[in-house]
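Here is a short note for a colleague opening this model. Please read the points with the structure in view.

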Amino acid sequence: MSTAGSTAMSEERAHGVPGPAKADRPPGLRHQVMANGGVASIFIFFLAVCILFGLVTDSFLTEANILNILRQSAPLLIVATAMTFVITTGGIDLSVGSMLGLVGALSAVLLQAGVPWPAALVGLVLLGALIGAVQGFFIAYEGIPAFIVTLAGLGIIRGVALLITQGYSIPVDPGSAFVIIGRGWVAGLPLPAIIAVAVLALGILIFTQTRFGRYVTGIGANAEAVRRAGVNIRRVTMLVYVLSGAAAALAAVVIAARLGSGSANAGAGFELDVIAAVVLGGTSLFGGRGTMIGTVLGALTVAVIGNGLILAHMSPFLTPIITGVIILIAIWLNFRIFRTTTRR
């Protein structure tokens with residue numbers, strides 16, 4: 001084989017394009033089931049949780065409660081979609097919870113100052129993208145670990161939010177059209193859920209159908225190989241944090257609109273729910289393996305557990321303990337399935 005042909009084949013593999021030999025032999029059903037064992041396991045676990053809470057409580061499977069779960073899980077799903085890109089590269093973003101507090105507080109401040117809500121919405125999403133770009137620069141171009149950068153961002157962003165609000169909640173005029181973002185309904189469905197589905201659809205398209213999505217997976221699996229294929233891995237890495245910041249800002253706007261106020265304390269611990277949802281869905285914390293469908297199931301599972309425990313009148317002091325144990329067991333089972341399929 002010539003050197004040029006060898007180089008072309010290696011570039012195809014680096015870009016996630018299968019070679020001719022593999023294209024002639026599509027994987028069988030058994031292989032596909034094994035390869036997607038993590039998603040299958042979380043789907044089964046999700047169904048089991050729904051059935052359990054449906055039997056324990058009388059109102060869990062009602063239409064009103066299901067719509068309520070969709071509305072409340074929308075911010076989690078929005079941020080988890082972007083976090084899938086981040087974790088697939090082998091990174092992490094711990095600042096998304098603090099971003100909810102800052103952007104939520106700023107949205108209330110801007111509305112009280114008379115800024116039109118569409119302009120405020122666009123400006124806040126751009127602000128989130130800018131903060132993500134700053135963090136991504138230190139991670140991608142300065143080589144500082146993502147955990148350190150975003151942990152610092154967590155404290156700085158929350159501190160700025162507290163400084164702006166002085167620790168008080170800032171109300172939003174209930175007559176403002178802004179609240180429709182979090183409370184509106186379209187064709188019998190909550191508008192936040194529709195926004196979340198739109199973000200998810202865009203995320204799936206980018207993750208599975210574009211070179212950028214393949215580069216994200218490649219960086220997590222073997223960054224040096226992707227770099228040698230001519231990809232600017234620093235730029236791709238920075239862009240995933242831009243996406244994460246913009247998604248967190250959009251989720252903050254949805255929450256502020258639904259609650260009718262902006263608070264610097266909003267989103268405390270939210271980053272842990274997001275990371276749990278993504279990892280629960282089968283995305284590897286070590287990078288190189290991610291799935292958007294799994295992220296959806298993981299986010300819905302986290303939301304269903306929280307909702308079901310409340311409906312079961314569980315003590316609020318026991319709720320986080322039980323939630324953590326359930327998530328730990330589910331992720332443990334998920335990892336065991338993945339290790340088994342990898343060996344096979």
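1. **A pair in one helix.** Glu-224 and Arg-228 lie 4 residues apart in helix H11, so about one helical turn separates them. Their side chains meet in a salt bridge, 3.0 Å from N to O. The term means a side-chain nitrogen of Lys or Arg within 4 Å of a carboxyl oxygen of Asp or Glu. Side chains of opposite charge can pair when their charged atoms come close.

2. **Basis.** This is a predicted model: local features need pLDDT of at least 70, side-chain atom pairs count only at pLDDT 80 or more, and totals for chains, interfaces and linings use all residues. Residues are numbered from 1 along each chain as its sequence is written, and side-chain values use heavy atoms, with hydrogens and water left out.

3. **The second pair.** Arg-227 and Glu-224 also join side chains in a salt bridge, at 2.5 Å from N to O. They sit 3 residues apart in helix H11, which covers residues 211–228, so about one helical turn lies between them. The structure holds 2 salt bridges. Glu-224, Arg-227 and Arg-228 are linked in a network.

4. Arg-228 is exposed, at 67% relative accessible area. Arg-227 is partly exposed at 42%, and Glu-224 is partly exposed at 34%. The classes are: buried under 20% relative accessible area, exposed over 50%, partly exposed in between (1.4 Å probe, protein chains only).

5. **The core.** The largest nonpolar core has 85 residues. Such a core is a set of buried Ala, Val, Leu, Ile, Met, Phe, Trp, Tyr and Cys residues joined through side-chain atoms within 4.5 Å. Helix H12 (residues 233–259) gives the largest share of this core, 15 residues. Met-83, Phe-178 and Val-304 have the most contacts inside the core. In soluble globular proteins, nonpolar side chains tend to be buried together.

6. **Around Met-83.** Which residues does Met-83 contact, leaving aside its neighbours within four places in sequence? They are Asp-93, Val-96, Val-274, Ile-275 and Val-278. Contact means heavy atoms within 4.5 Å.

7. **The whole chain.** The chain has 15 helices and 4 strands. These are DSSP runs numbered from the N terminus (helices H or I, at least four residues; strands E, at least two). Of its 344 residues, 47% count as buried. Among contacts with a separation of 6 or more, 80% join residues 24 or more positions apart. The chain exposes about 16800 Å², with 69% supplied by carbon and sulfur atoms. Accessible areas come from the Shrake-Rupley method with a 1.4 Å probe; for residues, only the protein chains shown count as cover.
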